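Hi,

Here is the structure I promised to pass on.

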Amino acid sequence: MSIAELFSTFPNLRTERLLLRQIVSEDAEDLYRYYTNPLVTRHLDWLGPSSVEDSRSLIHAWQQSFVTRRLLPWGISYRTKEHSEILGTIMVMPTRGSFDDAPLFPLSVGYELRADHWNKGIMSEALQAVLDFTRTHTDARRIQAEVYPENAASLKLLKKLGFQEEGLLRQYMMHEVTKKLLDVVMLALLC
C-alpha cells in the first residue's frame, strides 16, 4: 500500500473489543469530558481543551493533519454501537515532515485513555493494533515515545510491547501551561 493509498480514507482498525476510528466533531463532548480529569492530564504536556468548542477545533486540526499526511489520529472506542464514545486517543506522527518523506523520519507515538478504563488492557490492545498497522503500512524504521519518568504505567506498557528504554532527556519538554521544563524518558521500537 502506498502512502497515497494509506491516506485516501481513514484507516479504521478493529481488535477483539475495540474500534480505532477517525475522531469526528460529534466526539467533541466525549473528548472534552475525559480531558477534564486531572488524572488523565497529569502526564501530558498540556491540560487538554478548555471547552467543547475547543475540542471541536482540536478535532478539526487533527483531521487537517491527517489530510496533509502529518498525523494518524485514532480515537479508541468499543466496537459495539451502544458503547461508541471515545475512550482515548492514539496519535502517530513523523518527528519531522510528513509520511511522504523518504526516507521516513522516526515516528512518535502518543496516547491517553479515560481514567475509568485504566487497567483493563484497553491501551495495550489498542496500541498493539496501531503498532502492527504502522509497521505493516509505513516504511517506519523507528517508533519512539517520550514518557515522564513518574508515569510508571506507561513505561511498563511500552516495555511490554517491545520498546527499549534509551535514556533520560533532561529538561527536554516544556509544559504548555506551566512553562516548566520537564524530563522525559525516551523509549524506541525498531521496526
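First, a term: a pocket here is an open set of points on a 1 Å grid over the protein atoms alone, where a 1.4 Å probe fits, with protein on both sides within 12 Å along at least five of seven lines, and lining residues have an atom within 4 Å of a point. Keep in mind that this is a predicted model, where local features need pLDDT of at least 70 and side-chain atom pairs count only at pLDDT 80 or more, while totals for chains, interfaces and linings use all residues. Residues are numbered from 1 along each chain as its sequence is written, and side-chain values use heavy atoms, with hydrogens and water left out.

The largest pocket has 46 lining residues, and Leu 44, Gly 110, Tyr 111, Glu 112 and Ser 154 lie nearest its centre. Among the elements giving two or more residues to that lining are strand E5 (107-113) and helix H5 (122-137); helices (H or I, at least four residues) and strands (E, at least two) are DSSP runs numbered from the N terminus.

E5 also sits in an open, mixed sheet of eight strands, ordered E1-E2-E3-E4-E5-E6-E8-E7. Strands count as paired if DSSP finds at least two bridges between them. E5 and E6 run parallel and are joined by two bridges; Ser 108 has Gln 144 in E6 as its bridge partner. At the edges stand E1 (13-14) and E7, each with a single partner strand, so one side of each has no neighbour in the sheet.

Finally, leaving out residues up to four places away in sequence, Leu 127 touches Ile 90, Val 109, Tyr 111, Leu 157, Leu 158 and Leu 161 (contact means heavy atoms within 4.5 Å).

Cheers
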